[in-house]
Amino acid sequence: MSTPRNVTTGTFVAMTTPFDAEERIDHDQLAADAQRLADAGVDGLVPVGSTGESATLTHDEHVAVVETVVEAVDVPVIAGAGSNSTHEAISLAGRAADAGADALLLISPYYNKPEPEGMERHYRRIADAVDVPQIVYNVPSRTGRSIDADTTVSLAEHENIVGYKAASGDLGLISEVVERTRDEEFAVLSGDDPLTLPILSVGGTGVISVAANVEPERMGALVTDALDDEYALAREHHHELGPLFRALFRETNPIPVKEAMDVWGYGPAEVRDPLSRATPETRAELEAVHEDLEGER
């Protein structure tokens, strides 16, 4: 199949889901966030992934978030839609596609930790059932199981599986996936802000970024410069953003980025139970980073 809009090259934002004080989704704030990020020039938006606290949303809430983002902007929307149940993932993927998502981000099955045969069957069944572009999401720190290179390379042959979000922290594995899929229409996207530049340097094509929630222009410049082989400029952006990258992962994502949204003046810091607000130390670090970045504009 042909991909109607770009969902594999550039800077894509792993969006937060704003909540009010009663932990209800604030759809007006969500739409405003989407519009702000689109206006900043990002290449697409990724709602209801890990950063969007998808684990604590009902399926109806999940789909409603996708609908709000799709209606708010005219940039590609890649909706999180995975599950550790293949049947549930197919259902959620279909509903997200019907809500208007241009593509799907599919976390690998968590908790039940399938072996490679089951992992590949899971993704192929979703790709066979839902006819939109799909991105395999490897984040073993959350799932307990890394998707091995052989499985990823095999999945890259499926016409609906167009990319791989690399959040394993294993540059050797990521580089091997890039190397072995060069002859396929298949993209590798960084899923880890601090490793974006190294991943781009070995052939990655973009990032699904947490930091871009608060610094979309800077993150976009890093990616654009690297893709244009302007690595001296890209390194400057990388080092400029280094303190932010570190601050955003002092605690479990999305706790710090939610706090950063409040510090930057972009939205509420509330998270849903069982997550908790950032510590005073993390907030102070974010405030210092914000002050430094503002001074460099």
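**Close-up views of pockets, a cavity and a helix pair**

**View A. The second largest pocket of the predicted model.** The second largest pocket has a volume of about 290 Å³. Its lining is made up of 17 residues, among which Val139, Arg142, Gly191, Phe249 and Asn253 are the closest to the centre of the pocket. Sorted by class, this lining holds six nonpolar, seven polar and four charged residues.

**View B. The largest pocket and the residues around its centre.** Two or more lining residues come from each of α2, α3 (86-98) and β4 (103-107). The lining of the largest pocket comprises twelve nonpolar, twelve polar and four charged residues.

**View C. The largest cavity and its lining.** One cavity of 30 Å³ or more is counted in the model, and the largest cavity holds about 30 Å³ of space. The residues that line the largest cavity are Ala14, Val46, Gly49, Ser50, Thr51, Leu105 and Lys165, and by class they divide into three nonpolar, three polar and one charged.

**View D. The packing of helix α1 against helix α2.** Helix α1 (residues 27-39) packs with helix α2 (residues 59-72) at an angle of about 45°, and their axes are 9 Å apart, which means that α1 is oblique to α2. The crossing of the helices α1 and α2 is right-handed. On the α1 side the contact is made by His27, Leu30, Ala31, Ala34 and Gln35, and on the α2 side by Ala64, Val65, Thr68, Val69 and Ala72. Seven nonpolar and three polar residues, with no charged ones, make up the contact of α1 with α2.

Methods. Residues numbered from 1 in each chain as written. Predicted model: local features only at pLDDT ≥ 70, side-chain atom pairs only at ≥ 80, totals over all residues. Heavy atoms only, no water. Axes fitted to C-alpha atoms, helices over the stretch in contact; angles between N-to-C directions. Helix = DSSP H or I, 4+ residues; strand = E, 2+ residues; numbered from the N terminus. Parallel < 35°, antiparallel > 145°, perpendicular 65-115°, else oblique. Left-handed = near helix turned anticlockwise from the far one by under 90°. Contact = heavy atoms within 4.5 Å. Nonpolar A, V, L, I, M, F, W, Y, C, P; charged D, E, K, R; others polar. 1 Å grid on protein atoms, 1.4 Å probe; cavity = no way out; pocket = protein on both sides within 12 Å on 5 of 7 lines; lining within 4 Å. Points joined across faces, edges and corners; volume = space filled by probe spheres on them.
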